[in-house]
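Trainee: Please take one part of this model and look at it closely. I would like to understand the pocket and what lines it.

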Amino acid sequence: MTDYATPRARRSAGAAVWRGDFHFFGGFGAGGGVAPDDVSAELWRYDGSWQLLADGGPGAARYASLCVLDDALYLFGGCGVSDGAVIFYDHLWRYDGVWREIDSGATRPPRRYAGALVSDGAKLFLFGGMAEAEYYGDMWCFEPEECGWRPVSQASTGPGRRYGFGWAADADGLYLLGGYDGSRDHADLWRFEFATLGWRQLAADGPPPRYCPAFGLPGGEPLLFGGRSKSNAKLNFSDCWIFDGAWRALDGPRPGYHAKAASASADDQLWLFGGEGPDGHVSDLWRHDPNGWTCLHGCRDDDPVLW
């Protein structure tokens, strides 16, 4: 087998762009299979080549949520395995070269994975996610100076309960697209304003309903790629859309079907690593910029065929 300096295929890793470079944490299936305990605690950075920064700290997890605040990476939650049982986390960690767990007190968001974790430059906000068939639609705020969480809103406001949505934030608010609520996929686009702590719907529909797409704000406009249907397991997407007041499809070369990829955006770029592909987990790396999609490296030859 080839000796690689690239991460193994996986899905459901958390991602963020920090100090100008793409980072991802954890994921499911990095050992080559789909056993429940095949979860990772690796932290990888891509700056033109891959570097493994850490393997440990937070528990191995899929869909831990990452964002950047105060020139550090923050991580909340995720889903792992302990003593053969699937568990969900409610912990908060900070990475500035070393992982450190933050003691955020007894009042904190319920355990979950796949929540939207974003920053307004001074505080963290967490929305939604899922754990043990419980779908969340709450919003929480973490104040670093007070080292504590407080609830901002409940599921009765905004998008409602869901997980598997696409999400990204700019300096003023959070964008959220689609997801699954336990009964159906969604296609709506929402924005949460940091200043008012309020939600508004930007579009009721547009691209076909889906969950677990790649989503970001390259150039400041919502960009959507791929994902799949949770309601219809055979409905997979490789389409690309941009929202500039209305949704419009983008043509041109792009990745094939990916869902549950590690994706994050900054400046005019959206990054995408791995996820589910047509035949199993994949390990390719793509970047979208004003010139379109570029494949920075293809899949490893040991990417597993799983379905």
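Mentor: Start with strand β23. It gives the largest share of the lining of the largest pocket, five residues. This is a predicted model, where local features need pLDDT of at least 70 and side-chain atom pairs count only at pLDDT 80 or more, while totals for chains, interfaces and linings use all residues. Residues are numbered from 1 along each chain as its sequence is written, and side-chain values use heavy atoms, with hydrogens and water left out.

Now some terms. Strands (E, at least two residues) and helices (H or I, at least four) are DSSP runs, numbered from the N terminus. A pocket is found on a 1 Å grid over the protein atoms alone: it is an open set of points where a 1.4 Å probe fits, with protein on both sides within 12 Å along at least five of seven lines. A lining residue has an atom within 4 Å of a point.

The largest pocket holds about 750 Å³ of space. That volume is the space filled by probe spheres set on the points, and grid points are joined across faces, edges and corners. The lining counts 36 residues. Nearest the centre lie A15, L66, W167, A168 and A264.

Which strands each supply at least two residues of this lining? They are β1 (14-18), β5 (65-69), β11 (116-119), β15 (166-169) and β23 (262-266).

The lining has 24 nonpolar, nine polar and three charged residues. Here Ala, Val, Leu, Ile, Met, Phe, Trp, Tyr, Cys and Pro count as nonpolar, Asp, Glu, Lys and Arg as charged, and the others, Gly among them, as polar.

Back to β23 and its sheet. Four strands form an open, antiparallel sheet in the order β23-β24-β25-β26. Its edge strands, β23 and β26 (292-297), each pair on one side only. Two strands pair if DSSP finds at least two bridges between them. β23 and β24 (residues 269-276) have five bridges, in the antiparallel sense.

Just look back along the chain. G256 sits in the loop between β22 (247-249) and β23. G256 is partly exposed, at 41% relative accessible area; buried means under 20%, exposed over 50%, and partly exposed in between (1.4 Å probe, protein chains only).

Last, the whole chain. There are 26 strands and zero helices. Of its 307 residues, 57% count as buried.
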